[in-house]
Amino acid sequence: MNPSASKIPTLELRGISKRFGAVQALSEVSFEVFSGEVIGLVGDNGAGKSTLIKCVSGIHPADSGEIWFEGRQVFIHNPKDAADLGIQTVYQDLALCDNLDVVGNLYLGRETTTLLPLDEVSMERLSLETLRSLSVSIPSVRTRIASLSGGQRQSVAISRAVMWNSKLVILDEPTAALGVVQSKQVLELIKRLRQQGLAVIVISHNLADIFEVVDRICVLRLGRNNGIFDIHTTKQEDIVAAITGAEFGLNGSAEGRSAQKGAKTS
Amino acid sequence: MSTLVDDPRLEAGKPSGFRAWLRRLFTETDLGPIPTIIGLIIIWTIFQIANHRFLSPLNLTNLMYQMADLGVIAVGAVLILLLGEVDLSAGAVSGLAAGVLAVLSVKLHAPGPVAVLVGILVGAAIGLLQGFWTTRFKIPSFIVTLAGQIGWTGALLYVLGTTGTINLRDKFIVGLAGTFLKRDVPHGVLIGWLVGAILVLGYAFSRFTERRRRRSAGLTYRSVWTLILQIVVLAVIVSGVLLITNADRGLPSAMIFLIAILILFDFITQRTTFGRHIYAVGGNAEAARRASINVTFVRIVVFILASMLAAFGGILAAARLLAANQSSGSGDLLLRVIASAVIGGTSLFGGRGSVWSALLGALVIQSISNGMDLLALPSPIKFMITGAVLAAAVTIEAISRQRREAAGR
């Protein structure tokens, strides 16, 4: 089902391991995501989702393993390395300034100036263009973030992440704090990111949301791969089984072996 | 703060009539400085009724002369509050700068400009130290600057030595605050009107240029009449101030410094990247850091600017009082400074406000103390009234913040 299967993946992780003291947070995790693809990263609490994302976004680099980006091996030591490659992460807290308007937030840290004064006109124009291209509806780009709804805030945070020539966007629980209608808005936005050819990784506990937007699901369990599933050939129960570690969930899919290996050693 | 929304009185249907209109007005619209301006009009009315000389050109000119140093220090307080920090050392720093200035000028016979420059540099150095201390060791700024307040007061006493009071005689220094445009400057009235006209025209030009640029970029723009109204309001204020002060000695130079500083810092905070970053750090420092803003740099620079403004305000106060002494910058000055910023509409909790609140707040605070002096109220009464006004102002700020949060602004 993956339309770009023959292409080079945007991001490819090979055998990523990470240890915090006595805790082996990640062992030998591998997966890849292509441009124009949305991949869901799921797993129980403590399965290593956040750690994996932090390795990719440079918050704490991996101990071992390789990260390949658009066909070449890269080393991500800090968030700036990730940003320079075109990897943007939207964390649950969104990192927006409530007291600034939408334009101020979209351009935070990247303000456009004409000699000295801020070039509000071109910033506002480009903000409008970006939001329009993503069909994000907001009363006015001069509204302060504080008066936006949760879904609108999430949309602003995602728009900011894709605004700067990003190639890979990582979304951490994008629908966790949202109501039904607002979740729908955000899921539609994620689909538009795919249409625009971005690679997207979505972390979520909500399997219904995951099944609505993703192409493939990567399941982590106890810091290891526990299968990568194509959603068109997988039932939700299989994913639940893979998350919780029940054996019968593993036959359908490609990467059951690492999980079985893990089961033996543990 | 959803409690206000959950308030059954607000939920109970759609109440009609004047009270509902009033409630909507206060909860749903952003009134900006209007409540403070109404408060100022009430204060002026009360004092004018109590003493008909309150609104005379003589007293209004005195009022502007007296409030300028307070206003300059309050601009620094606004900058610090925008960061979400607080500077309790502003009063002591202003006193120390005045002391250094006086010792240099009178005891060491340094030229006036040198003494002023060194005084301001002392402020800069203090700001650097306090800013560094706050950011490097991650100590809350109110602790660092509280230590500073005590330390710099000690430094002032040390600098003054056994002298106690040093009277300033240097013409340059005294002229900083007390040069009146009509009385002391040749063609002062004409120059005042010319500069006033340039200000209004410059404002008009920038408003219309902005409108034209927004229009050609296909963005929303204000109607011509809105702009004309804003320009007329500014023109009325400028000519009002000039007419009133020219009926007496003219505009005092201290006030001219305050206006220049306000225009400069309005530009810095509203129109530059650095200013945007001040608001960002005050709004959400973690978000600012992740957006690759150098939060430590922004904080330290703002501490330096605030202490320089405090030092310059202290110098203006010394020039006005013709002396620096052991009580320079002490007493209720610090509280009056912070109250000015807050009364003018700058939030105590960071990220919201404007440097103009320093002007409006200082005007309110100084009107009250000027009016009470005019009525020759005894000290105990003055302290109690000042305390009550400050408490009321901060309460109004807190309520409006709760309303704002309830309305999601």
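Author: In helix α16(B), 21 of the 27 residues are buried, so this helix is largely enclosed by the rest of the structure (buried: 20 or more other C-beta atoms within 10 Å of a residue's own; exposed: 12 or fewer; partly exposed: in between; C-beta atoms are placed from the backbone). This is a predicted model, in which local features need pLDDT of at least 70 and side-chain atom pairs count only at pLDDT 80 or more, while totals for chains, interfaces and linings use all residues. Residues are numbered from 1 along each chain as its sequence is written, and chains are lettered from A and ligands numbered from 1 in the order in which they are written.

Helix α16(B) covers residues 295-321 and reaches 39 Å from its first C-alpha to its last, close to the expected 39 Å (1.5 Å times one less than the number of residues). Just after this helix, L322(B) takes a positive phi of about 60°.

For context in the other chain, chain A has nine helices and ten strands (DSSP runs numbered from the N terminus: H or I of at least four residues for helices, E of at least two for strands), and 47% of its 266 residues count as buried. Chain A contains an open, mixed sheet of six strands in the order β6-β7-β8-β3-β9-β10, whose edge strands, β6 (87-90) and β10 (224-230), each pair on one side only (pairing requires at least two DSSP bridges between two strands). There β6(A) runs parallel to β7(A), residues 168-172, over four bridges, with V90(A) opposite L171(A).
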